[in-house]
Each structure stands twice: as C-alpha cells, then as structure tokens.
Amino acid sequence: MPKPHLQPLPATRHEAIEQGEKKFFPVEPCKHGHSSPRYTMSGRCCECQRQSYLDDKRAFEEARKRKQERAIKERSATTKQHA
Ligand SMILES: [Zn+2]
C-alpha cells in the first residue's frame with residue numbers, strides 16, 4: 001500500500017472528501033490563475049490562502065509598527081509636557 005502523501009491528490013472536492021484528503025488538485029486554475037491545490041474543507045486555493053495570510057501578516061506588522069511609533073511619539077510628548 002503506497003503512503004498517502006505519495007498518492008496524487010484527487011481532482012475534485014467530492015473525491016477528496018470521500019478519500020479523506022485535506023486537499024485536492026483541480027485541473028482548472030483558481031480565479032486568480034493559480035495552478036495549486038485547494039483545501040477540501042474551505043475549497044480555497046492554497047496559493048490564495050498563502051497570499052492572503054502574507055497580506056494579513058504584512059498588514060498586522062504595519063499596524064503594529066504604526067502603533068509603536070505613535071506610542072513613542074505620545075510618550076515623548078507626554079515626557080516633554082511633564083518635564
Ligand atoms: Zn489562487
């Protein structure tokens with residue numbers, strides 16, 4: 001019996017569910033043109049998922065940076081007021 005991860009991924013979500021696969025690999029690319037596997041649970045393209053994760057991460061880091069900068073600015077303003 002071959003190891004599960006060496007088997008090709010099913011081409012449809014239905015097959016993936018039947019086979020208990022976490023992912024399937026449709027012939028058609030996603031609407032963003034990625035030829036990559038999709039998650040069985042969400043039906044989402046792995047590449048889209050990865051990119052939205054990276055975008056979220058970038059947005060989160062930028063927001064955190066802005067917050068830190070604002071905090072530093074506010075702290076120095078506060079310090080000046082009290083000095
Ligand atoms: Zn995609």
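The structure is a predicted model, in which local features need pLDDT of at least 70 and side-chain atom pairs count only at pLDDT 80 or more, while totals for chains, interfaces and linings use all residues. Residues are numbered from 1 along each chain as its sequence is written.

The protein chain has 2 helices and 2 strands, where helices (H or I, at least four residues) and strands (E, at least two) are DSSP runs numbered from the N terminus. Along the sequence these elements come in the order α-β-β-α. Of the 83 residues in the protein chain, 6% are buried, a term that requires 20 or more other C-beta atoms within 10 Å of the residue's own, whereas 12 or fewer makes a residue exposed and a count in between makes it partly exposed, with C-beta atoms placed from the backbone.

G20 sits in the loop that joins α1 (13–19) to β1 (23–24), and G20 is exposed because 8 other C-beta atoms lie within 10 Å. R44 belongs to the loop between β2 (38–39) and α2 (46–82), and R44 counts as partly exposed because it has 13 C-beta neighbours inside 10 Å. Leaving aside residues up to four places away in sequence, R44 touches R38, Y39 and Q49, a contact being two C-beta atoms, placed from the backbone, within 7 Å.

| Pair | Apart in sequence | C-alpha to C-alpha |
|---|---|---|
| G20 and T40 | 20 residues | 8.9 Å |
| R44 and C30 | 14 residues | 8.6 Å |
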